[in-house]
Amino acid sequence: MKNIDLELVAKAKKGDEGSFSALYEQFAPSLYRTALYTLGNSHDAEDVVSETFLEAFHGIRKLRDNAAFPTWLFKILSVRCKRKIRDYVRGRNELDIDSLL
């Protein structure tokens with residue numbers, strides 16, 4: 001994983017959208033690769049990465065340790081991926097046999 005620019009995180013925590021955008025540019029490719037590997041679907045991977053950054057944007061002020069930003073971000077992604085997998089399983093269990101005939 002790339003080195004984190006702690007000043008970018010500090011500025012993003014203060015509401016600087018440009019700094020958050022720079023963090024997005026830095027971490028989005030790694031998050032996407034992880035989500036794609038986990039979910040096996042590019043559309044769903046893009047969705048969970050977008051949701052991850054949206055949640056991070058709204059919650060970054062609560063981040064206590066700026067150096068923990070990458071770990072925190074990947075934790076959010078992990079939770080989002082688990083929810084998506086749970087949705088896959090639920091969808092499979094709700095399959096209507098009659099609609100296939």
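Are Phe20 and Phe53 buried or exposed? In this predicted model, Phe20 is buried, and Phe53 is buried too.

Helix H1 covers residues 6-13. Its buried residues are Leu8, Val9, Ala12 and Lys13. These four span an arc of only 135° around the axis, so they sit on the same side of H1. Look next at the start of the helix. There, a side-chain oxygen of Asp5 comes to within 3.0 Å of the backbone nitrogen of Glu7. Glu7 also has a side-chain partner: it forms a salt bridge with Lys11, with the closest N and O atoms 3.3 Å apart. Both residues belong to H1, and they are four residues apart, about one turn of the helix. Lys11 has a relative accessible area of 37%, so it is partly exposed. After H1 comes Gly15, which has a positive phi, near 100°.

Now turn to the aromatic rings. A search of the whole structure gives five aromatic pairs. One of them joins Phe20 and Phe53. Their ring centres are 6.2 Å apart and their planes meet at 85°; angles over 60 degrees count as edge-to-face, so this pair is edge-to-face. Phe20 belongs to helix H2 (residues 17-39) and Phe53 to helix H3 (residues 42-59), so the contact ties together parts that are 33 residues apart in sequence. As stated at the outset, both of these residues are buried. They do not stand alone. Phe20, Tyr24, Phe53 and Phe57 form one aromatic cluster.

Another aromatic pair is made by Phe69 and Trp72. The geometry here is tilted, with 5.9 Å from centre to centre and 50° between the planes. Both residues lie in helix H4 (residues 69-93). They are three residues apart, which means about one helical turn separates them. How accessible is each partner? Phe69 has 0% relative accessibility, so it counts as buried. Trp72 has a relative accessible area of 21%, which makes it partly exposed. The cut-off explains the label, because buried means under 20%.

Take Glu51 to begin with. Arg80 lies in helix H4 and Glu51 in helix H3, so the pair ties together parts 29 residues apart in sequence. Glu51 is at 31% relative accessibility and therefore counts as partly exposed.

Then take Glu55. Glu55 counts as partly exposed, because its relative accessibility is 35%. Through shared partners, the salt bridges join Glu51, Glu55 and Arg80 into one network.

To recap the links between helices: the Phe20 and Phe53 pair connects H2 with H3.

Methods
Residues are numbered from 1 along each chain as its sequence is written. This is a predicted model: local features need pLDDT of at least 70, side-chain atom pairs count only at pLDDT 80 or more; totals for chains, interfaces and linings use all residues. Side-chain values use heavy atoms; hydrogens and water are left out. Buried means under 20% relative accessible area, exposed over 50%, partly exposed in between (1.4 Å probe, protein chains only). Helices (H or I, at least four residues) and strands (E, at least two) are DSSP runs, numbered from the N terminus. The arc is that of the directions from the helix axis to the C-beta atoms. A polar contact is a pair of N or O atoms within 3.5 Å; within protein, one must be able to donate a hydrogen and the other to accept it, and residues adjacent in sequence count only if both atoms are side-chain atoms. Rings of Phe, Tyr and Trp (its six-membered ring) pair if their centres lie within 6.5 Å; planes under 30 degrees apart count as stacked, over 60 as edge-to-face and the rest as tilted. A salt bridge is a side-chain nitrogen of Lys or Arg within 4 Å of a carboxyl oxygen of Asp or Glu.
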